[in-house]
Amino acid sequence: MNTLIAIAVLGVIVLLAEIFNLRKAIIPVTLAGLIATLGLTVTEFGVTESHYNNMIKVNNFTVAFSSLFIVLTIFLIALSADFYQERASKISDFVSIKLFLLAGSVSMVSFGNLAMFFLGIEVLSIALYILAGSDRLNVKSNEAGMKYFLMGSFASGIILFGIALVYGAVGSFDMDMIYEASNSATTVDWFYIGVSMITVGMLFKIATVPFHFWAPDVYEGAPTLTTATMSTLAKVTAMATFFKLNMAMNGNMKFEYELVIVIVSIASMTVGNIMALRQNNIKRMLAFSGISHAGFMVMALLNLQNATGSLFYYTAAYGLAGIAAFTVVIYVCKGKDNENIENFNGLGKRNPLMAGILTASLLSMAGIPIFSGFFAKFFLLNQVLNAGWLVLVIAGVINSMIAVYYYFKVVSAMYTKEATEEPAKVPFEFYIVAVLAIGLNIAIGLFPSALMDLF
């Protein structure tokens, strides 16, 4: 609860700083405030309590994921100063929107009531709609904002309809009562229809097949820093929230529901990887890669009682690798009218450090040791195997091998092709963010128990 209040207050402070012409202090104050908020959040480990009639719950799940969200937001805001310096809009607008987006993320994993859940998802979604279309003079950004707004609003409507059906069946928005109903033999049929509708809406937010069609176009058209936000913070938030919803709504998970999750997982991994093979735009490639990773993440739903640690580890590994990769993408593609892979030709000679960081990030996403991406996939596949779904494990291994090809297409461009332009200067904060993100990724790969033992 303290975390949510601190983030919201920080967002208001950023807006006030603009009014009082303290623009240069916005980024440092925001970063300092988020680091302090992270410290405040970490101190709540081991605490189990609820606030406002169970609207908000504090436990290790909410604290762990809230901490991860804050870390990802720190990196994203650290990149904002250089990225937005040439924009007509004031930087306070972008920073405050990201802070309110973070508040929505924290609400989504802290809810103890479906009303709080929907409030959080709308705060996050509206912030992303604005950011996706924030490059007003770019037609692709305008298209991305409108497409994401229309599709996202439709998905939110489905979720809201599902919440209404669940409320009609249970008579309460409280998650404890919903959990009891999910375990009851007398629960009416429209409860399960409501759960199914919420599932459809959340699968859209995560961008799994067959609800993925918006992702490549929106990722390509949105400003690159917004794409990084959607690919890391937003996707991780949606998956953590979906997992928490399933823990409450699927106390007696039916085999049919498990089968749907298995089909969605296999389809997402396969379609995401096959489509990524054909991409020449790195943002579209990472969009399809994200669809494939979403297919891996939903595997955690097949072992709800034991997969919390595995899911948190996977989201941390994926989020950190994504931040590091997008930092390099922003640097390389700055000032260009496209994000084609050809822009990375010769980066290994132009800037060996940034090329090495991007290589390490892609290797982590591909699941290559010693990076945490390998252990993330291993832990999830092990949980799925324990749940008895050998076919899903086989599909996961095959798709991991397919993914190596398109990741190495970028690596090959950096190290085997000649550069066509002189190296550009890298902002100091880009180096800091990229090195810290990939350093943390490697660290949790070497010491996975540091995260797994939190649950």
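## Backbone exceptions and helix packing in a predicted model

Ile-370 lies in the loop that links H16 and helix H17 (372-386). The model is a predicted one. Within it, the peptide bond leading from Pro-369 to Ile-370 is cis, with omega near 10 degrees. A cis peptide bond also connects Val-209 and Pro-210, and Pro-210 is located in the loop between helix H9 (189-206) and helix H10 (214-221). A further backbone feature concerns Asn-21, which has a positive phi although it is not a glycine; Asn-21 belongs to the loop between helix H1 (2-19) and helix H2 (26-42). The values are tabulated below.

| Site | Backbone feature | Angle |
|---|---|---|
| Val-209 to Pro-210 | cis peptide bond | omega about 5 degrees |
| Pro-369 to Ile-370 | cis peptide bond | omega near 10 degrees |
| Asn-21 | positive phi | phi about 60 degrees |

Helix H16 (residues 352-366) packs with H18 at an angle of about 175 degrees, and their axes are 9 Å apart. Because angles over 145 degrees count as roughly antiparallel, H16 and H18 are therefore roughly antiparallel to each other. Residues making the contact include Leu-358, Leu-362 and Met-365 of H16, and Val-404, Phe-408 and Val-411 of H18. By class, the residues of this contact comprise 13 nonpolar, three polar and no charged.

Conventions
Residues numbered from 1 in each chain as written. Predicted model: local features only at pLDDT ≥ 70, side-chain atom pairs only at ≥ 80, totals over all residues. Heavy atoms only, no water. Axes fitted to C-alpha atoms, helices over the stretch in contact; angles between N-to-C directions. Helix = DSSP H or I, 4+ residues; strand = E, 2+ residues; numbered from the N terminus. Parallel < 35°, antiparallel > 145°, perpendicular 65-115°, else oblique. Contact = heavy atoms within 4.5 Å. Nonpolar A, V, L, I, M, F, W, Y, C, P; charged D, E, K, R; others polar.
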